[in-house]
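The following paragraphs lead a new reader through a protein model.

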Amino acid sequence: MAVKIEKLTEIARNAGKIVLKFYRQVTEYGAKMSEADIVTEADMESQKYIVESLNRCFPEIPVLAEEGLTSRNGERYFVVDPLDGTLNFFHGLPFFSISIAYVDEKGPCMGVVHAPSTNETFFAVRGEGSYDHTGKRLRVSTTAELKQCLAVTGWPYDELLQPWTQRTVNHFQELVQEVRILGSAALEMAYLAAGHIDLYWEVGLYPWDLAAGYLLVEEAGGKVSDVNGENFSLSTGRVAASNGILHEELIGNLMKCGELREEGRYEP
Ligand code: IPD
Ligand code: CA
Ligand code: CA
């Protein structure tokens with residue numbers, strides 16, 4: 001069966017219903033790489049449903065999913081974050097999402113990010129634009145002044161990456177309207193695509209955090225690159241995204257924030 005964005009959207013929305021059953025009910029978690037990097041029953045149930053659904057509909061396409069169970073051996077594959085923003089979810093905060101992308105030899109070609117708590121779904125197909133669940137076309141903001149920007153970043157679990165992130169927060173706080181950390185990379189990219197966020201950067205991420213969000217931003221007229229301005233790649237875990245107008249200023253300022261130390265990066 002040919003992959004259709006409608007099917008991916010349906011699967012993400014159904015996974016959202018599974019996750020919501022656990023929302024504000026979860027009392028146990030397992031720690032992964034660090035105290036803040038956790039996994040709950042909701043992550044596992046959501047992933048089980050998504051992977052089984054994808055395998056049933058598209059048995060020939062491998063799935064790379066966050067919580068184990070991964071198989072990837074082709075040029076084309078799905079990338080799944082069954083629950084992005086688990087720490088928020090566990091604490092009962094509504095900022096979390098489900099992210100599913102379809103990747104071909106040129107990178108992500110379809111992507112969906114679903115936010116169960118607000119019932120918002122954002123999707124994109126390469127060359128066809130980004131939309132929300134009401135059918136509205138997404139467009140990045142037109143903000144042209146740093147001082148009017150809502151800038152967002154994320155706190156990496158890997159402590160080697162934290163000093164750089166801290167410096168970027170200090171640096172940008174002087175330049176923009178406000179710097180925020182919202183805690184779901186996929187949703188932050190979706191909100192940038194929808195024009196609610198102007199600038200976003202983060203390091204220490206994984207393909208499942210970024211694949212769908214990358215396409216959403218690009219197809220909404222924004223720009224996505226590495227934090228040093230080089231081409232974006234799913235395998236580095238580094239992202240700088242903007243409305244395009246301010247991309248040069250974003251990269252120029254990130255480059256003023258000193259060296260980014262990085263070891264032991266995940267390679268998909
Ligand atoms: C996390 C979120 C968070 C980011 C972390 C990610 P998870 O994903 O995207 O915003 O700062 O680095 O790992 O663990 O909740 O799926
Ligand atoms: Ca994630
Ligand atoms: Ca996750």
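Helices (H or I, at least four residues) and strands (E, at least two) are runs assigned by DSSP and are numbered from the N terminus. The model is predicted, so that local features need pLDDT of at least 70 and side-chain atom pairs count only at pLDDT 80 or more, while totals for chains, interfaces and linings use all residues. Residues are numbered from 1 along each chain as its sequence is written, chains are lettered from A and ligands numbered from 1 in the order in which they are written, and side-chain values use heavy atoms, with hydrogens and water left out.

Helix H1 covers residues 5-22. The expected span of a helix is 1.5 Å times one less than its number of residues. For the 18 residues of H1 this gives 26 Å, and the end C-alpha atoms are 26 Å apart, which agrees. In what follows, buried means under 20% relative accessible area, exposed means over 50%, and partly exposed lies in between (1.4 Å probe, protein chains only). The buried residues of H1 include Ile-5, Leu-8, Ile-11, Ile-18, Val-19 and Phe-22. Against which elements do the buried residues of H1 pack? Their partners are helices H2 (41-57) and H3 (86-90), together with strands S4 (77-84), S5 (97-104), S6 (107-115) and S7 (120-125), where contact means heavy atoms within 4.5 Å.

Most residues other than glycine have a negative phi. Arg-24, which follows H1, has instead a positive phi, near 60°. Arg-24 is found in the loop between H1 and strand S1 (30-31), and it is exposed, with a relative accessible area of 59%. A positive phi, near 55°, also occurs at Asn-119. Asn-119 is placed in the loop between S6 and S7 and is partly exposed, at 39% relative accessible area.

Donors are N, O and S atoms within 2.8 Å of the metal (3.2 Å for Na, K and Ca); water is not among the atoms, so sites may look incomplete. Asp-84 lies in strand S4 and Asp-209 in helix H6 (residues 207-219), so the pair ties together parts that are 125 residues apart in sequence. Asp-84 is buried, at 6% relative accessibility, and Asp-209 is buried as well, at 8%. Asp-81, in turn, bridges the calcium ion (ligand 2) and the calcium ion (ligand 3), which lie 3.7 Å apart.
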